[in-house]
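Dear colleague,

I am passing on the structure we spoke about, and my notes follow directly below it. Please read them with the structure open beside you.

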Amino acid sequence: MKSELHFDAVVIGAGMAGLVAGTRLAQGGARVCVLAKGHGSTHLAPATIDVLGYAPHLVQEPVAAIEKLVAEHPQHPYALLGSELVGEAVGWFADTVAGGPLPGYTYVGGLERNQMLPTAVGALRPSALVPETMAAGERDQLARVCIAGTPSLRDFHPSLCAANLAAAGIEARSVSLDLKLERADMSTLGIARHFDDPTWRRQFCAELSLTLRAEEHVGLPAMLGLTDPHAVLSDLEHRLGRRVFEIPTLPPSVPGMRLYEILRAALRAAGGRLVLGGEVVGSTRDGARLTAVSTNAAGRDLSYVAPAYVLATGGFASGAIELDSRWVTHERVLDLPLRGLPADGGPRFVSTYLDEQPLARVGVAVDGDLRADGTDNVFVAGASLPGAAPWREGSGEGIALASGYKVAQMVAGRPQATQEATA
Amino acid sequence: MATLSTDVLVIGGGATGTGITWDASLRGLDVVLIDRQDLAEGTSGRFHGLLHSGGRYAVKDPRAAVECIGENRILRRVASDCIEDTGGFFVTTPWDDPAYADRLAQGCAETGVDCEEISVAQALREEPRLNPQVSRVFRVPDANIDVWKTVWAMAHGAQQRGARILPYHAAIAIHREGDAITGARVRDARTGEESEIQARVTVNAGGAWAGQIADLAGIEGVRVLPGRGIMVAMNHRLVNTVVNRCQMPTDGDIIVPIRTVSVVGTTDVNTDDPDDHTVNQNEVDLLLDEGEKLVPGFRQARALRVWTGVRPLFEDDKPTGTDSRDVTRAHALLDHEQRDGIRGFVTITGGKLTTFRLMAEETVDAVCRHLGETRPCRTATESLPGSESGETYRLGERLARKEAKLIDEQIICECELVPRSKLEEAISRTGSTNLDDIRRQLRLGMGPCQGGFCIYRAAGIMQERDRLSAKQADTSLLDFLQERWKGEWPVLYGDQLRQARLDDWIFQGVLDVAHLPR
Amino acid sequence: MTDLAEPEFLRESLDHCVKCTICETQCPVSNVSPLFPGPKYAGPQSERYRVADDPSVDLSVDYCSGCGICSMVCPQGVKIAEINAQARDKLKRQKGVPLRDRIITRPTWLGRVGTATAPIANFSLGFKPARVLGEKVLGVHRDAPAPKFAGRRFSRWMKGRTSPKTGRKIIYFHGCGTEYYEPWEGEKVVAILEHNGFEVVVPKQDCCGLPLQSSGLFDDARKVVLRLARNLAPHVRDEDTIIVGNATSCTLMLKREAREILNLEDDPALKRVSERTYDICELLLELHDRGELNTDFQPVNETVAYHAPCQQQGQWIGKPALELLALVPGLEVKEMNARCCGIAGTYGLKAEKYDIAQAAGRDLFDQVAASGASTVACDSETCRWQIAAATQRPSVHPIDYLHRAYGLDRNGA
């Protein structure tokens, strides 16, 4: 028996770009399989939709800044996507969240203006769209704030966060609550599970309210529940009588896990298949056409055959692009050509940590349709694309969403039909 | 201006200088130890961690071999908590001269280094990753030594006996009255304050910097040629036994398992500047290639970071032809009264970490001669604080300690299992806001994630505890990030590059430390 | 490969760990109990402190249930569950194995005794004082789900019948659960396969060794799984013949776990068996993908909750049962989105782990309750027993629905 499965499209990677591409394809009627080695960036990232935060100076208005960036940097992924498509993808995303499995949970904001939200160290970071649970942390609304945490959570330090917010001119202070949790090493996820419990929440609010002062917003680490954050936020704001917001902190990311659930549910609802543990370990080609990819399922390799493939495996962080010990860079899944490599003999890294590293913008070389160079039927999305430095620019989610959205159009080969499906 | 007065001023807080401080304290002398940086931040803290059996010198330098095996036996007793009894192998690989094996066995027999040939099969059972093509294997009593633990144990022991330990105090002038050195002016590097230290004897334990210190005292011709060598730490114990190539010592011929990592070393390049931390890519490649010969798959394994150590190679520009310098081929003790006619000043340099105690003993003997006193050395029998039980360290200790407090103890550095209590205690004890100082005490940030997760945590705890300003806390965080990056980027490939990218994401994405308020 | 090379290979995978915490977010045990410090801690992190011949110091690794989710979700390829399994093996070798673990990990022995004495055995299992005694003496929790012995054996039933000679042979690996507790599941598998034109062959077989392996009794597990492989291998000599099983944890054992965790990568018989083994739903969906599945399904008007057990997900083939069930007209399938039912083979039977297992399954039980489904479909028998006990709903193998949709339940097959 030949272990071979057939689809209309196979998406490799289940981070934001892969899930968006898979969902969009499935929504367009395609039989889609999303293969993922494991969980991706969604479980780690703050789950804000960063479209363009720094270019390289602080960006106030993402749309305008994208247009300027595109004009100045034709190699940037946004030059292949265009601000209009970014807007469309972001709109689709907001609708998907609103129609998703978390009741009432929404994202707020848009491409017109960046929101400046506190990070766990107390810097202010620009994002276009943010979960409603973070919205009240926006700089312009933040005159007085109390940052609250607990010593059981090693991943959030309210005093440091408040000190930096104060240095930025916000009237900020901190409190640290002994929540008598079940272990000294709590993660935001462990506490989020408590927040899902109304009884626990009530006790938490009773304790916290004792420490609060008039007209203070309350900033908490991002852990306001996994399954019903909208209800948790409403409950907290009601009980404390003030605005409450989440601050993203070290992984794992509770809002990121919510985001994953939303995207996973959208894929499943559209009929897409998701294979976790499906690391692609081999592929076959016929000239420029990729004919199959295989995964190392238990016992034997499984072939997935489709007329088109989406590569959304990420960059160096995921290991999809690798620099080996002989200083050679590869795309590991399909061995596709790369772009953005430092010139031969040029430095790969510079010695000052916060400067941009020469290797930062390496990605899979693509044409204007996001088709991988040298292939007919492999389309590339997300952090696999060259030309961006997502964390420095604050552009990761914007690129992932828009490119995932666009590759679905390209694979379907009929952008018109896909747009109808949205409408 | 504050003035301290003491019997002995020791300049240089490496293993030797701290060893001298410990030795002199045990002999009842009053000691002040200064270092321009933290203790063991120079050469001592920048080696691979090998406690020599003497095997590496058995053929080339028999006298050094004899010293090493003697010190190895002593340190296992008195510094047991700092030493892990890994044992060592000398292995003949296909790239080594097969004739050397018999010379090694012969040399060990002549120098008293325990050496037993074992079967290749036995060696592979013990070390499954060892190159199966090795043809001969000898077992020697190599071990590893945690130098920071050793140095701080000696420092604390000395402090308990009244010694004053002053890291971050640089000697800016050494005072000479007539034909005698009388002390030094020092500057506190953190506050900028200056003070005077009057001493009956001043010891120059500057190691690779000993020439600079001798210059400061106006003594000519103390030339220390710094030999720069790099080492690369691999993410875990590729081997649990020290593995040496069975050949004349050369570049990249040893892998030392120490704490959670294994270190491949070293290279040797002459340099003019002991503060030269250059890492050349060809040296990195050499170490990786040589590592591959001992452990196939070495290049696929994960390299964490690289660092440079500077060996002090002593050359006296002022040979007197007399017995003015008490020198072994391993180290050099200069009694400047004999050499230059200057009283109250002694220089110790050269040597190797394994023989630091012996060097300290000989130095303090010389100090006592200057003081005109006879005080017997006790460091060969007195255990360091923490080593009283005589039990050598086991790698599993931190895991066992956490296991005992599984639920109640918070771990800050997950890779190196550093609990919050130890971090807070170290912050209080050192009074330092420099996380790199804390690192050397606790191994904070030294594991696979290179601080990716613990730097924010540690900075947050420090800020809250010490009520640091935002600026101070941010500086601690950013400095430590930069310090970790320094050792990472020249060997950044494979798994560690993925880690570095995740760390970037945390610091530049999630936390956005590049845009902290200024 | 030397005999130590395989554990070294698993250990080396710790190099890929970037501490990202994804495994921790998905661990069914550490998310509900502080007694298990989590897969990252127990796996790649602690492994750096383990020296082959030094004593085991981290007893907490024994609280890992071995469900394998961590390895599946790890985006970096760290063999987390496998590293934990190795550490547990070493721990058991050093600290000894409780008598309880020696008994409950031998389903063949238990099954033979239980089948012969079914009325008494079943009475004891349902009889509280006997269970309390069992907890005190053996450490098997008094409330742990205990399946009833069927009192008959699947293989006896099979012996009494012959599959129609279609020339399209398939080897059926039924496992101990089917043999002693749920022979009717095997009967349904045979009927479905025959309905799709297969000639079903059931060779002599017994336990796959998984219970022993997951309790850290590696040497015993090796003997048992190799015996099974030797029994099955001769039947798959020819290229086209495959093995199919309905006990998903046992098929995973044959497919991967025995080779990887028990360091049997080089055994040729096991390798052949491993490469040819299919989970029943995997096989049927693949047939469907090729247009070869008989789809003469009758409507089944019902709502069923489907839980993909960890050991099914660990096959890294997605959730084929979901798509198979979707083929049945009238059947509304609710996909449960919980990690684990908690039982993890024999883990949830153990007195000291029972509460953890119940807590680990809580998300699933709540989702089942909220789903409105009357029945829970699940591919693994121990999970079904746990789910049925905790949700007070019947729990069946997904093929039960196919069997009904084919009308086979009315054919007296």
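**Two helices of chain C**

In chain C, helix α20 (residues 354-371) packs against helix α21 (residues 381-391) at an angle of about 65°, and their axes are 10 Å apart. Angles of 65 to 115 degrees count as roughly perpendicular, and α20(C) and α21(C) are therefore described as roughly perpendicular to each other. Please keep in mind throughout that this is a predicted model. The crossing in which α20(C) passes α21(C) is right-handed. On the α20(C) side the contact is made by Gln358(C), Gly361(C), Phe365(C), Val368(C) and Ala369(C), while α21(C) contributes Gln386(C), Ala390(C) and Thr391(C). By class, this contact of α20(C) with α21(C) has four nonpolar and four polar residues, and no charged ones.

Elsewhere in chain C, helix α7 (residues 107-116) has as its buried residues Pro107(C), Gly111(C) and Gly114(C). They cover an arc of only 75° around the axis, which puts them on the same side of α7(C). Among what covers these buried residues of α7(C) are α8 (118-126), α11 (175-181) and α13 (210-214) of chain C.

Turning to chains A and B, 45 residues of chain B are in contact with 36 residues of chain A. On the side of chain B that touches chain A, the elements giving two or more residues are β22 (411-413), α13 (454-466), α14 (470-488) and α15 (494-510) of chain B, and the largest share, eleven residues, comes from α15(B). Sorted by class, that side of chain B has 25 nonpolar, nine polar and eleven charged residues.

With best wishes

How values were computed:
Residues numbered from 1 in each chain as written. Chains lettered and ligands numbered in written order. Predicted model: local features only at pLDDT ≥ 70, side-chain atom pairs only at ≥ 80, totals over all residues. Contact = placed C-beta atoms within 7 Å. Helix = DSSP H or I, 4+ residues; strand = E, 2+ residues; numbered from the N terminus. Nonpolar A, V, L, I, M, F, W, Y, C, P; charged D, E, K, R; others polar. Buried ≥ 20, exposed ≤ 12 C-beta atoms within 10 Å, placed from the backbone. Arc of directions from axis to C-beta. Axes fitted to C-alpha atoms, helices over the stretch in contact; angles between N-to-C directions. Parallel < 35°, antiparallel > 145°, perpendicular 65-115°, else oblique. Left-handed = near helix turned anticlockwise from the far one by under 90°.
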